[in-house]
2 protein chains.
Amino acid sequence: MARPTAPRGLARQRVLDAALALFAEHGVHGSSLQMIADRVGVSKAAVYYQFRSKEEIALEVLRPSIDDMARVIRIAEVLPDMLRRREVLVSGLIEMVVRHRQLSVLFYGDPGIDQLVRDEPEFRVVTDRLQELLEGPQPCIADRIALRVFLSGVCRVAADPDMSDIGDSDLQRTLVELSARLLSPDHAGAPVS
Amino acid sequence: MARPTAPRGLARQRVLDAALALFAEHGVHGSSLQMIADRVGVSKAAVYYQFRSKEEIALEVLRPSIDDMARVIRIAEVLPDMLRRREVLVSGLIEMVVRHRQLSVLFYGDPGIDQLVRDEPEFRVVTDRLQELLEGPQPCIADRIALRVFLSGVCRVAADPDMSDIGDSDLQRTLVELSARLLSPDHAGAPVS
């Protein structure tokens with residue numbers, strides 16, 4: 001063979017990149033292993049050589065972001081009060097979502113992915129802890145609803161094709177401002193600008 | 001046959017009800033015609049007798065809500081200023097979403113459905129007009145982002161299984177309050193509570 005074979009790690013990454021693009025466009029349910037293989041330009045068997053299933057690919061696509069989020073949680077959870085913890089978590093979450101705009105629709109809102117994350121203990125620990133820290137010990141109904149509006153809004157907006165003309169830094173700054181308005185100024189004391 | 005045959009309209013409605021439950025659980029991409037048929041307890045051929053495709057079913061599931069929204073738009077668009085128009089539209093949208101909580105995830109956020117709505121001229125007219133009225137003539141970046149956070153948040157939260165313990169009236173009231181905080185108090189003058 002004249003062309004050098006790609007090393008294993010590179011082939012793996014090409015599958016993950018192709019899967020990410022397809023998941024963002026069609027959701028996980030709407031993307032097949034065949035579509036992923038076609039996009040990479042390899043056979044389905046070659047993809048199966050790297051991954052056991054589409055679900056395993058989806059979890060691997062998400063893993064670096066879950067690791068990022070775990071790190072932000074470690075930074076935040078030692079801070080002395082809930083308001084500051086939340087500030088760091090919200091800002092860290094928005095930074096992560098904006099850095100992975102294409103991926104962000106997968107964080108919250110795709111029924112297929114939400115289920116995968118719930119079923120993977122390693123991921124579940126991170127998302128449960130994030131929710132616990134953001135909501136505080138005894139969230140009222142308004143706090144709980146505001147937090148979900150924030151999470152779903154941030155994740156969805158970043159990936160929305162109609163928002164693609166808005167630059168990353170404008171998006172990041174605006175989302176931080178909106179989160180301060182949205183997240184419970186009465187209960188957690190976040191400033192209303 | 002001993003059992004009376006269901007009239008055509010009833011059989012049609014049973015397919016739509018089954019499809020709605022499956023779409024909410026698995027997304028449109030993740031639900032097949034076979035799954036819909038199984039849930040109704042009929043053959044796939046019987047479903048094909050009523051509908052040409054899964055896409056046609058999805059559009060029919062959405063149609064009553066699109067009609068509701070068109071009516072709210074007709075009520076709002078004759079009001080004299082943008083702030084009052086927006087107030088009615090936001091309140092009307094939230095009322096509709098809460099009334100159809102299970103369906104609401106389909107309004108915004110499912111890539112399969114978003115595409116279907118964009119491709120159906122009759123629906124497109126309603127969603128474009130809604131966006132135009134909510135954004136106003138020259139929306140700034142912050143207004144555009146806030147509107148998307150609001151839409152995606154409202155639609156996603158209403159259908160979130162973790163929110164199912166929150167009653168409809170609490171949910172509706174809280175979402176209206178949150179929308180007033182979120183939607184551009186600086187630009188459209190919505191009061192910050």
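Predicted model: local features only at pLDDT ≥ 70, side-chain atom pairs only at ≥ 80, totals over all residues.
Which residue forms a salt bridge with A:Asp68?

Residues are numbered from 1 along each chain as written, chains are lettered from A and ligands numbered from 1 in the order written, and side-chain values use heavy atoms, with hydrogens and water left out.

Back to the opening. The partner of A:Asp68 is A:Arg99, with the closest N and O atoms 3.0 Å apart. A salt bridge here is a side-chain nitrogen of Lys or Arg within 4 Å of a carboxyl oxygen of Asp or Glu. This pair links distant parts of the chain: A:Asp68 sits in helix H4 (residues 54-76), A:Arg99 in helix H5 (residues 82-99), 31 residues apart. Helices are DSSP runs of H or I, at least four residues, and strands are runs of E, at least two, numbered from the N terminus. Over all chains, the count comes to 32 salt bridges.

Now the two chains together.

Next, the interface. 36 residues of chain A are in contact with 36 of chain B, contact meaning heavy atoms within 4.5 Å. The buried area is about 3400 Å², and carbon and sulfur atoms give 61% of that. Buried area is the accessible area, with a 1.4 Å probe, that two parts lose on being put together, summed over both. A:Ile145, A:Arg156 and A:Arg181 supply 18% of what chain A buries against chain B, more than any other three residues.

What about charges? Six salt bridges run between chain A and chain B. In one of them, B:Arg148 pairs with A:Asp162, the closest N and O atoms 3.2 Å apart. Helices H1 (8-26), H6 (111-119), H8 (141-159) and H9 (168-182) of chain A each give two or more residues to the side touching chain B. H8(A) gives the most, with 11 residues.

Last, the record. An unreviewed UniProt entry places a "DNA-binding region" at residues 32-51 of chain A. Such annotations may be inferred rather than shown by experiment. In the model, that span is 75% helix and 0% strand, and its end C-alpha atoms lie 13 Å apart.
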